[in-house]
Amino acid sequence: MKNKSKFLYLSPIIIYAIVLILFPILYILFLSFQTNDNYGGIIYSLTLNNYIKIFDIVYLRVLFKSASIAFITIVICILISYPFCIFISEKKTNVQKILITLVMVPFLTNSLIRTYGWIVLLRKEGVFNSILQALNICDGPISFMYNNLGVFIGLVYTLLPFMILPVYSSVSKIDKKVLEASKDLGANAYHTFTKVILPQTLPGIFNGSLMVFIPAIGMFFIADLLGGGKIMLVGNLIKNQFLVSRNWPFGAAISIFLIVITFLLVKLYKKTGGNMDDLGGF
Amino acid sequence: MQRHRHLKNLFIFLVFLFLYLPIITLIVFSFNTSPLNILFEGFTLEWYGKLFSNTTLLEALKNTIIVSVVSTVISTFIGTLAAIGLQKYNFVGKNFINKLLYVPVVIPEIVLGISLLSVYTLLKLNLGLGTLIVSHIAFSIPFVIISVRTVLNSTNLQIEEAAHDLGANDFKTLTNVIIPEIMPGIVSGATLAFTLSLDDVIISYFTAGPGSNTLPLQIYAMIKTGITPDVNALTTLMILVIMTVLIISSLIQVRKMKKEYAR
């Protein structure tokens, strides 16, 4: 009897974990050692060529550019979220709850639809340029998109809540009495910030950075739509290997490379005291 | 603390403006007489009428709803059972399974997308609604487990023993004791699964086939060939539905809190 219910509780999840997580990743690992036959097929072999190819200067450049874009996105997200969360945490508890819910609401509509909203605003004959021209502020249209600026706007916009939520949860945990104590003991605003507030919120910032970085290297549709195909993220590179050049083994090798980087980052996150469930909780 | 209050409020306002700007834009333009989405020329409901004769868009909407609802129901069921089972029982390899469950949460979506695509191709499965639903289940389950587990950890499981001692069988204990106790976790897990499914672009992009376009995929294709204003109308309607659901659910919560407070 006991064994029967144990089986009922656990068999679906074990099957799921093996069939839909473990097997696909092992298969990608297997693919990454094969050779592409130039027609989208696979020649069975055991080669490291796909991994060596990642270190080709052309692809290294894409990796480096994508990582820099993700890094700058993180910095902009922190610069917006941090003061935002501190200002919000000074409000009444009820107001705080409403404001944080309002942060989440736009994210209940699809990210692609919101990206389309940005296109309407940013393009050459879009809302921003029409307003600027109607007010005679500038002569020609300004290029807000199809360049780095467009990609940054899209990435920061889409990933901002992933920074706001963990930062807010760490900021709101700071005991107001500690801040008063720091003031009473003679610390000025700068010292209170660097010695009291910042150390307590660092885990939140690190959690947010991880949650921004990982999607930021993969969001190919933002680079496609707002960067006009000129900007390649690692996501675009993988997508192209699978759907355009049809070199699946090379695409698989880049994916394994990403998995390894992700695991190293998560290890670092856990080492610095991060909780795994915080990465999936909203 | 009260210094610079106006400046702080201005900053908060600007961040919200940034977050809502694209959505407000789409809503405003859904009522615009000019089909070009450039400047607002006049008020019309024309695009809402056109929407109901746009079969491609409606088909995509139907696919989106089917995929989200079916994948949410299945992943909530499996995820809830798993969260309870993983807490109740020990078995060989439990640690490994627990680790595997974090994989979809942390790896980039595109990697999960192409791995699933590769497996479907290996198994010679036709890409379509079926593969889409399986893929959405694949990325939703871990989030349901995390949500349910959070509540489960703060629940007193002695009531389960009490129910057993009082003669309830396993099934009765589950449906009458455990499930009501962890309902908040199940609801938030299901909401999360549904939202993630509605929002997904990347995994759907790789695992949908011809004829199983979801709304985001349809809009992605349309942005490249030219988008029609009825998309704005559809987006506005969807935002309205989501806002209504959100307001109703928060009203229910407020009422519940008041009731508990009155006790």
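In chain A, 69% of the contacts with a separation of 6 or more join residues 24 or more positions apart, a contact being two residues whose C-beta atoms, placed from the backbone, lie within 7 Å. The model is a predicted one, in which local features need pLDDT of at least 70, side-chain atom pairs count only at pLDDT 80 or more, and totals for chains, interfaces and linings use all residues. Residues are numbered from 1 along each chain as its sequence is written, while chains are lettered from A and ligands numbered from 1 in the order in which they are written.

Chain A has twelve helices and two strands (DSSP runs numbered from the N terminus, H or I of at least four residues for helices and E of at least two for strands). Read from the N terminus, its elements go α-β-β-α-α-α-α-α-α-α-α-α-α-α. The C-alpha trace of chain A spans about 75 × 70 × 35 Å along its principal axes. Of its 282 residues, 42% are buried, that is, with 20 or more other C-beta atoms within 10 Å of their own.

Over in chain B, there are eleven helices and zero strands. Chain B has a radius of gyration (taken over C-alpha atoms) of 23 Å, well over the 18 Å that the globule rule gives for 263 residues, so it is more spread out than a compact globule; that rule is 2.2 Å times the number of residues to the power 0.38. Its C-alpha atoms fill a box of roughly 70 × 60 × 35 Å along the principal axes. Buried residues come to 41% of the 263 in chain B, and 81% of its contacts with a separation of 6 or more link residues 24 or more positions apart.

Where the two chains meet, 69 residues of chain A and 70 residues of chain B take part. Helix α1 (residues 2-31) of chain A supplies the largest share of the chain A side, 18 residues. That side divides into 50 nonpolar, 13 polar and six charged residues (Ala, Val, Leu, Ile, Met, Phe, Trp, Tyr, Cys and Pro count as nonpolar, Asp, Glu, Lys and Arg as charged, and the others, Gly among them, as polar).

Then there is the largest nonpolar core, with 135 residues; such a core is a set of buried Ala, Val, Leu, Ile, Met, Phe, Trp, Tyr and Cys residues joined through C-beta atoms within 7 Å. Helix α7 (residues 148-171) of chain A gives the most to this core, 14 residues. Among the residues with the most contacts inside the core are Leu159(A) and Val212(A). Leaving aside residues up to four places away in sequence, Val212(A) touches Thr73(A), Ile74(A), Cys77(A), Leu159(A), Phe162(A) and Met163(A).

Note on methods
A residue is buried if 20 or more other C-beta atoms lie within 10 Å of its own, exposed if 12 or fewer, and partly exposed in between; C-beta atoms are placed from the backbone.
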